[in-house]
Amino acid sequence: PIFHPLSVILEPRLKKLFMMDIDNAINKYLLNIKDTNFSYEVLDDLTQLSKYSSFTYTNNPISVDTETEGLDFKAHKVTTISISDGDTTLAIPIDHKESKFSSLEKIELLEFLKLMLENPNNRKIFHNSKFDLKMLRRYDIFPTNIWDTKLMYHLIEEDAPKRLIDLVKRFFPETIEDL
């Protein structure tokens, strides 16, 4: 377990995390249970867009992450955008070297992304959104209603590391062995 039993006595709000630690330890070391039930779908054909149209009008939060060629938002492109609503995780290759989209298809794909990310009725959850937003700006996509896990965690614990892996270790320790 990550949390010492004394920490629960000193800070009762840690009880839930402590109990998760105990459950994870039992599952991992005593029962040898490893849950790696993660799957994603790749959008590689525009005919699939209708299958994911709910992403464009949903009121439920979605998480968003961009993968890029590099860190220079003026020179590098977004290779892939990943979007998840908790049930479905979708990987969308935009300027990926293996993308099958023609220039015209890419325009339609970007319109789909624009509708989805500019929908003001749902939260878009990013980690370090300032980077992703700079990259998306190159495609004339300006997401609204943004929640940034890095900024939120900074408000909770100012001096702690803010990398995504640090947050996962803190709040979802049971997933660490899968990374």
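Before anything else I noted the cut-offs: buried means under 20% relative accessible area, exposed means over 50%, and partly exposed is what lies in between. With that in hand I checked aspartate 44, which comes out as partly exposed because its relative accessibility is 34%. I also reminded myself that this is a predicted model.

**Entry 1: the overall layout**

I started with the elements and found 7 helices and 6 strands. Going along the sequence, I wrote the order down as α-α-β-α-β-β-β-α-β-α-β-α-α. The protein has 179 residues, and 34% of them are buried. Then I turned to contacts with a separation of 6 or more, where residues 24 or more positions apart account for 49%.

**Entry 2: the core**

Which residues touch the most other members of the largest nonpolar core? I got Leu43, Ile81, Ile83, Ile92, Ile94 and Leu113, out of 25 residues in that core. Next I checked which elements give two or more residues to it, and they are strand 2 (62-68), strand 3 (78-84), strand 4 (89-93), helix 4 (103-117) and helix 5 (129-137). Helix 4 gives the most, with 6 residues.

Setting aside neighbours within four places in sequence, I found leucine 113 in contact with Ile81, Ile83, Ile92, Ile94 and Ile141.

**Entry 3: salt bridges**

How many salt bridges does the structure hold? I noted 4, and I went through some of them.

Back to aspartate 44: its side chain meets that of lysine 100 in a salt bridge, at 3.9 Å from N to O. The two sit in distant parts of the chain, 56 residues apart. Lysine 100 is in the loop between strand 4 and helix 4, while aspartate 44 is in the loop between strand 1 (41-42) and helix 3 (54-57). Lysine 100 counts as exposed because its relative accessible area is 62%.

Another salt bridge joins aspartate 95 and lysine 106, with the closest N and O atoms 2.6 Å apart. This pair also links distant parts of the chain, 11 residues apart, with aspartate 95 in the loop between strand 4 and helix 4 and lysine 106 in helix 4 itself. Is aspartate 95 buried or exposed? At 17% relative accessible area, I put aspartate 95 down as buried, since the cut-off for that is under 20%. Lysine 106 has 22%, so I listed lysine 106 as partly exposed.

I also looked at lysine 114 and glutamate 118, whose side chains meet in a salt bridge at 3.0 Å from N to O. Lysine 114 is partly exposed at 26%, and glutamate 118 is partly exposed too, at 25%.

**Entry 4: rings**

I found 1 aromatic pair in the structure. I also checked tryptophan 147 and saw that arginine 123 lies over the face of its ring, at 4.1 Å from the ring centre.

Last, I looked at phi. Aspartate 140 has a positive phi, near 60°, and it isn't a glycine. I located aspartate 140 in the loop between helix 5 and strand 6 (146-148). Asparagine 145 has a positive phi as well, about 55°, again without being a glycine. Where is asparagine 145 found? I traced it to the loop between helix 5 and strand 6. Its relative accessibility is 33%, so I marked asparagine 145 as partly exposed.

Terms used: Residues are numbered from 1 along each chain as its sequence is written. This is a predicted model: local features need pLDDT of at least 70, side-chain atom pairs count only at pLDDT 80 or more; totals for chains, interfaces and linings use all residues. Side-chain values use heavy atoms; hydrogens and water are left out. A nonpolar core is a set of buried Ala, Val, Leu, Ile, Met, Phe, Trp, Tyr and Cys residues joined through side-chain atoms within 4.5 Å. Buried means under 20% relative accessible area, exposed over 50%, partly exposed in between (1.4 Å probe, protein chains only). Helices (H or I, at least four residues) and strands (E, at least two) are DSSP runs, numbered from the N terminus. Contact means heavy atoms within 4.5 Å. Rings of Phe, Tyr and Trp (its six-membered ring) pair if their centres lie within 6.5 Å; planes under 30 degrees apart count as stacked, over 60 as edge-to-face and the rest as tilted. A charge sits over a ring if NZ of Lys or CZ of Arg is within 6 Å of the ring centre and within 35 degrees of the ring normal.
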